[in-house]
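Hi there,

Here is the structure I promised to pass on to you. Have a look at it first, and then read my notes below.

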Amino acid sequence: TDYLARIEAQNPTINAFITVDRDGALAAADQADVAIAAGTAGPLAGLPIAHKDLFCTEGVLTTCGSKILANFVSPYDAHVVSQLKAAGAVSLGKTNMDEFAMGSTNESSAYGAVKNPWNLSRVPGGSSGGSAAAVAAGMIPACTGTDTGGSIRQPAGLCGITGIKPTYGTVSRYGMIAYASSLDQGGSMAHTAEDCALLLNHMVGFDARDSTSLDRPAEDYLHDLHRPLSGVRIGLPKEYFGDGLAADVREAIENSLAELRKLGATTVEVSLPNTHLAIPAYYVIAPAEASSNLSRFDGVRYGHRASEYKDLAEMYAKSRAEGFGAEVKRRILVGAYVLSHGYYDAYYIKAQQLRRLIAQDFQQALTQCDIIAGPVAPTAAWGLGQMADDPVQMYLADIYTIAVNLAGLPALSTPAGFSADNMPVGLQLIGNYFGEARLLNVAHQLQ
Ligand code: GLN
């Protein structure tokens, strides 16, 4: 009830929640109390959490930040939701997000922009901006998020919290509304690396309902947190410290790296020579997959349906025209274009080739170091509305996060001090496949 009271007090200002499930949360909390008294409680019994509003939740609205799903109540729980429930966690509601997770500021949500709790005139980042703002404002101690091109790490960085995107295939995508299936990955967001590790422990695991889910032995992400950092080699990609990086962000990152060296780590310069190809490759592949995934929203089975139409084709067209926002429509158009006959080879196939080169860059760099460190975003949080009319400018701000998704690697954002105007800065740590425990260890030592 403490957290519900905080949400009720702060949400009208911050707008981090689309749905607050007061009744469901109180009932689940009662059940957790009973389980604790009976000695049958799960490891997260009574822990208040919230889910990004693209995880399907049985009986609770799931909008994906879109008007097209304004009335959608899922008949089932996402894998992540059912696992956290089984561990005893109590969901207090669903957090705001960019529509269909497309965006870097949360301004594309049909439910209004989220405000950054550190400065209410700034964006919280996106697309998991509601999750990041909710944690940063103390409305919830931990939250789920998803990351297709930075959507956990970037809002975590801009809101001064910790957020981890695990290796692709580690967290089941079952019940997670798809944006770009080959890039989408769920993860955890909380104040500390330790809390992220705890939540992640109960999110991962093989699930036959997701064809890309990996069947691996269970791992305890809390186990390595206290390992000393002596001997850890941290690679600094020279492409991540070039001209595009704001001076105050660079300074905060350098200070964190100095701290890591004091803790015994060594730093070495590495190169990711195809970094400049990541944005063009991502902004072909992600819209291509999105245009296919979003074809299911047709007004027939669920979601918004236009009220007047002559025939089936017009019903589809009107329902989609009314239900989707401008950014989603832009991506569907781009996606349909790059997949169309005659352009497929020139754009889509080309982008897949670049994707391979980008993944190879990381493998090459990781022969010289154990993890890679750099900024999460080129600047600290910018003003609400500042980039809203300039999609290309906004896409360019994803430069340090999207290559990781193209390669499928794990990465996190951990607080690294403040910008010149007192906004949080995030340090990004990138690991090799299944290197989550090492990333959480380094972040924990730094915190
Ligand atoms: N900003 C990126 C995009 O708009 C990443 C979003 C995400 O990770 N979901 O596609």
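This is a predicted model: local features need pLDDT of at least 70, side-chain atom pairs count only at pLDDT 80 or more; totals for chains, interfaces and linings use all residues.

**What I found**

You will find Leu-333 in helix H10, which covers residues 326-338. From Leu-333 to Asp-248 the distance is 37 Å, C-alpha to C-alpha, and the two are 85 residues apart in sequence.

Now to another part of the chain. Which residues does the UniProt annotation "active site" cover? According to that unreviewed entry, they are Lys-52, Ser-127 and Ser-151. They span 100 residues in sequence, but no two of their C-alpha atoms are more than 10.9 Å apart, so they gather at one spot.

Let's take two of them in turn. Lys-52 sits in strand E2 (residues 48-52). Is Lys-52 buried or exposed? Lys-52 is buried, because 33 other C-beta atoms lie within 10 Å and the cut-off for buried is 20 or more. Leaving out residues up to four places away in sequence, Lys-52 touches several others, including Thr-95, Met-97, Ser-128 and Thr-146.

Ser-127 belongs to the loop between strand E3 (90-95) and helix H4 (129-136). Ser-127 also counts as buried, with 35 C-beta neighbours inside 10 Å. Beyond its neighbours within four places in sequence, Ser-127 is in contact with residues that include Met-97, Asp-98, Asn-106 and Ser-151.

Happy exploring!

Conventions. Residues are numbered from 1 along each chain as its sequence is written. Helices (H or I, at least four residues) and strands (E, at least two) are DSSP runs, numbered from the N terminus. UniProt positions are given in the numbering used here, feature names are shortened, and annotations may be inferred rather than shown by experiment. A residue is buried if 20 or more other C-beta atoms lie within 10 Å of its own, exposed if 12 or fewer, and partly exposed in between; C-beta atoms are placed from the backbone. Two residues are in contact if their C-beta atoms, placed from the backbone, lie within 7 Å.
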